[in-house]
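I opened a notebook page for this structure. The entries below record what I looked up, in the order I looked.

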Amino acid sequence: GLFVTDYFTRTPRKLSPFRSFASIELFHFHIPEDTVIAVWNLITFKEQGGTFGDQCPDRSITVYFRSGAPSVINPLHTHFPRDTAVPGSFALTLTWTLPNRTTGVFNVTSPLPGDWFLAAHLPKDEGKISVKGLYEECQYLFQPQLIVQRLVNIAVLYPGHVTEQSMAPHNRSCLYKVFVPSYTSRVLVEVLRCHGAEGCPLWLRVRAKAPPLHNSTALDCREHSPCQLALDLPFWQHWYYVLVEKHPGVLGTVSFQVTVQLTDCSRPSLARPPFLPSSASMNMPHSFGSAGGLALGDNPPPASPNATKNPVPVPMASPASERERCWPVRPTLRNELDTFSVHFYIFFGPNVSVPPDRPAVFVINLLPVLDSGGVLNLELRLNVSSLCGENVTVFGCLNHEVPLTSGDNASVTCETESLAGFLLSVNTTASLSRLRIPYPQTGSWYLSLRSLCATEHGFEPCTNVTAEVYLRAYLSPCINDCGIYGQCKLLRTNNYLYAACECKAGWNGWGCTDNAEAFSYGFQLLSTLLLCLSNVMFVPPVAIAVRSHYLLEAAVYIFTMFFSTFYHACDQPGIVVFCIMEYDVLQFCDFLGSLMSVWVTVIAMARLQPLVKQASVLYLLGAMLLSMALQMDRHGLWNLLGPSLFALGIMAIAWTARTIRRRHCYPPTWKRWAFYLCPGALIAAAAVLLYAFVETEENYFYIHSIWHLLIAGSVGFLLPPRAKPSGRLGPLPRRKGCGYQLCVNEQEELGLVDPAVASINSICTS
């Protein structure tokens with residue numbers, strides 16, 4: 001046939017270490033119908049500081065693939081919540097082949113059409129808390145590319161119509177497809193009038209949704225006569241692909257006829273007619289290929305001399321067995337409350353009656369793409385009083401795209417050779433059953449309820465007992481809203497929305513229910529008290545500032561102590577949390593107070609008042625600039641270093657001016673340097689080093705508490721003294737006449753800690 005190649009690519013994205021599904025990068029692709037091969041080219045490269053990251057360490061990258069919905073992954077091997085079904089997915093680990101670049105390839109032969117999702121992440125790291133902008137971070141960028149090759153003009157088979165085919169010696173196979181509408185209970189594919197060099201050297205393979213593979217349902221026509229392949233419980237509203245291929249080594253031309261018969265379970269005594277004039281009669285889509293088949297509304301093509309003019313009769317099952325196989329499907333009403341918050345209401349429900357002689361079937365329709373990013377929840381509750389004392393068990397089978405209503409009424413399985421489902425059961429001892437499916441595949445989900453009675457020989461059909469079951473089905477963003485130790489986050493990748501839990505306080509898992517590494521209540525309480533009470537260390541600097549008449553500085557320290565205490569009380573990951581106002585307000589005030597404390601301390605050390613009039617303008621300027629910087633980037637490195645360096649520059653200029661004017665070093669006393677300035681600077685430097693290089697998520701509670709103690713302690717050492725005028729000397733008489741008076745307070749110039757120690761008087765000269 002004729003092949004067409006399509007190419008799709010996505011923008012490179014930065015990968016993050018795995019902590020929860022909220023930290024992965026999700027990519028969405030769409031594979032068209034009739035695709036025979038899909039090749040993903042997975043490109044990964046390193047960057048550091050805008051250039052190639054040759055010096056970055058090699059970190060493995062894990063990529064997950066799943067059709068229909070995002071992958072439900074568990075790389076940390078945590079426990080899932082109870083009653084949670086975990087769908088499978090493909091996984092691939094990429095290793096580095098070049099210093100700064102690697103490429104991986106993932107091939108899928110005959111992939112399922114529709115939505116495909118890729119999820120990628122880095123391994124979990126040690127959780128180091130790094131200061132933004134301190135050093136160039138290694139970035140790992142991931143870019144997937146998709147190349148698909150699909151067939152065009154695949155021959156379409158019409159139910160009941162015979163198609164003739166002659167396979168030339170150079171051809172190995174012929175591919176057809178047939179559309180299976182709703183309420184089809186059986187598909188029968190048959191090869192007729194097969195003539196070849198060695199009888200009928202053909203293989204017959206059938207597969208739903210995509211062209212057959214080597215392990216698809218197959219039949220050797222050489223060993224079976226007639227060559228018929230029957231499929232029970234086919235997928236509704238999907239294409240089925242029929243592949244007829246030669247045996248290996250067969251030469252010559254092989255001629256045959258192929259026909260398909262569909263059994264309509266809504267009309268058990270009839271098979272589908274050979275030809276219907278409109279697509280509505282068969283629920284067939286309008287995207288038919290025309291080669292080898294009929295265009296809708298056309299008349300059947302004239303038959304060749306060797307063609308069969310009438311439909312081939314197919315042995316039909318008895319009407320009784322068909323009635324056991326097909327039952328009316330009750331729809332549900334969709335009520336959308338919010339994103340991923342959808343309730344499915346049952347007409348004349350929510351209480352459902354399950355008769356003993358037939359199953360009750362319901363359908364839940366999930367919208368394409370839109371509903372696959374949440375959690376499908378199902379709840380069954382048995383009304384024990386309706387059983388009249390009988391030992392009745394109600395089984396529920398939830399299957400995708402086709403209801404499983406087996407003719408064997410005593411069967412309690414929800415699986416067949418080609419169909420897998422989820423089983424629920426309720427009885428008198430366990431009257432409640434739940435099922436959660438994270439990231440469900442979209443389309444139609446069918447729930448079949450059956451009531452069976454337990455006997456000594458197993459389960460048997462009940463007699464004259466109609467069970468009543470409360471049924472609840474709904475779509476939610478996360479499982480139980482992630483509990484009290486998690487936060488349900490709504491995430492977006494391009495135009496696709498999905499939800500995931502982000503756990504805290506050491507809790508893990510898909511619903512934040514795994515407490516293997518959880519923090520105890522005592523540890524949470526201790527951590528909160530450490531972070532809050534460590535701010536009491538600001539009390540001595542406040543007392544020193546008040547005693548030295550630095551009232552503005554004291555007010556800033558009190559502001560910092562107050563908001564730092566309540567910010568950390570509100571910032572805790574566990575349940576020991578206390579918030580007096582919004583979190584964002586507390587965080588802004590805590591950061592502003594911390595930076596203002598550094599600013600006012602360094603400006604006070606500069607002693608600008610004797611040199612610059614109206615030096616208080618700098619305090620107001622600092623507050624405005626710091627507020628602007630915090631609003632721009634609250635976690636940036638220069639928000640801390642910028643104001644600090646600017647204030648230190650002002651202090652250095654002021655000290656240099658005093659040194660030049662007085663012709664000796666300022667401050668002049670070695671005691672001030674040895675006992676106050678040098679220890680204070682060392683303590684502050686140690687605090688900055690701990691904050692920038694030692695702090696991690698695991699040691700945050702005590703390292704950050706030590707940071708509080710060191711910063712507050714350094715302020716007590718660095719804050720300069722304020723000179724007090726001596727009260728033993730009265731004011732000197734002022735000379736009458738012109739002139740000016742210059743007063744020099746030598747005690748202030750010396751920078752002593754306690755002005756009462758020295759008795760040096762102020763000297764005034766005219």
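I began with accessibility: a residue is buried under 20% relative accessible area, exposed over 50%, and partly exposed in between, with a 1.4 Å probe and protein chains only. With that in hand I looked up C488, which is partly exposed because its relative accessible area is 23%.

I noted the ground rules next. The model is predicted, so local features need pLDDT of at least 70, side-chain atom pairs count only at pLDDT 80 or more, and totals for chains, interfaces and linings use all residues. Residues are numbered from 1 along each chain as its sequence is written, and side-chain values use heavy atoms, with hydrogens and water left out.

Entry: disulfides.
I wrote down that a disulfide is a covalent bond between the sulfur atoms of two cysteines. The rule used here takes a pair of cysteine sulfur atoms within 2.5 Å. By this rule I get a count of 9 disulfides. I looked up three of them.

Before placing them, I noted how elements are named: helices (H or I, at least four residues) and strands (E, at least two) are DSSP runs, numbered from the N terminus.

Entry: C56 and C138.
The sulfur atoms of C56 and C138 lie 2.2 Å apart, and the two form a disulfide. This pair links distant parts of the chain, 82 residues apart: C56 is in the loop between β5 (51-52) and β6 (61-67), and C138 is in strand β10 (residues 138-152). Which hand does the link have? The torsion about its S-S bond is about -95 degrees, so the disulfide is left-handed. C56 has a relative accessible area of 5%, so I list C56 as buried. C138 is partly exposed, because its value is 23%.

Entry: C478 and C488.
C478 is joined to C488 by a disulfide, S to S 2.0 Å. C478 sits in the loop between β31 (467-476) and β32 (486-493), while C488 belongs to strand β32, and the pair is 10 residues apart. The link of C478 and C488 is right-handed, with 80 degrees about the S-S bond. Is C478 buried or exposed? C478 counts as buried, because its relative accessibility is 6%.

Entry: C570 and C579.
A disulfide with an S to S distance of 1.9 Å joins C570 to C579. The torsion about the S-S bond is about 90 degrees, so I put this disulfide down as right-handed. C570 counts as buried at 8% relative accessibility, and C579 counts as partly exposed at 39%.

Entry: two further cysteines.
I checked C174, which counts as buried at 11% relative accessibility. C589 is buried too, with a relative accessible area of 12%.

Entry: S20.
I found S20 in the loop between β2 (13-14) and β3 (25-31). S20 counts as buried, because its relative accessibility is 10%. Contact means heavy atoms within 4.5 Å. Leaving out residues up to four places away in sequence, S20 touches C501 and E502. The side chain of S20 reaches the backbone oxygen of C501 at 3.3 Å.

Entry: one sheet.
Two strands pair if DSSP finds at least two bridges between them. I traced an open sheet of 5 strands in the order β11-β13-β18-β15-β16, with mixed pairing. Its edge strands, β11 (155-156) and β16 (217-220), each pair on one side only. How many bridges join β15 to β18? I get 7 bridges between β15 (residues 202-208) and β18 (residues 238-246), and these strands run antiparallel. L202 stands opposite K246 in β18.

Methods: A polar contact is a pair of N or O atoms within 3.5 Å; within protein, one must be able to donate a hydrogen and the other to accept it, and residues adjacent in sequence count only if both atoms are side-chain atoms.
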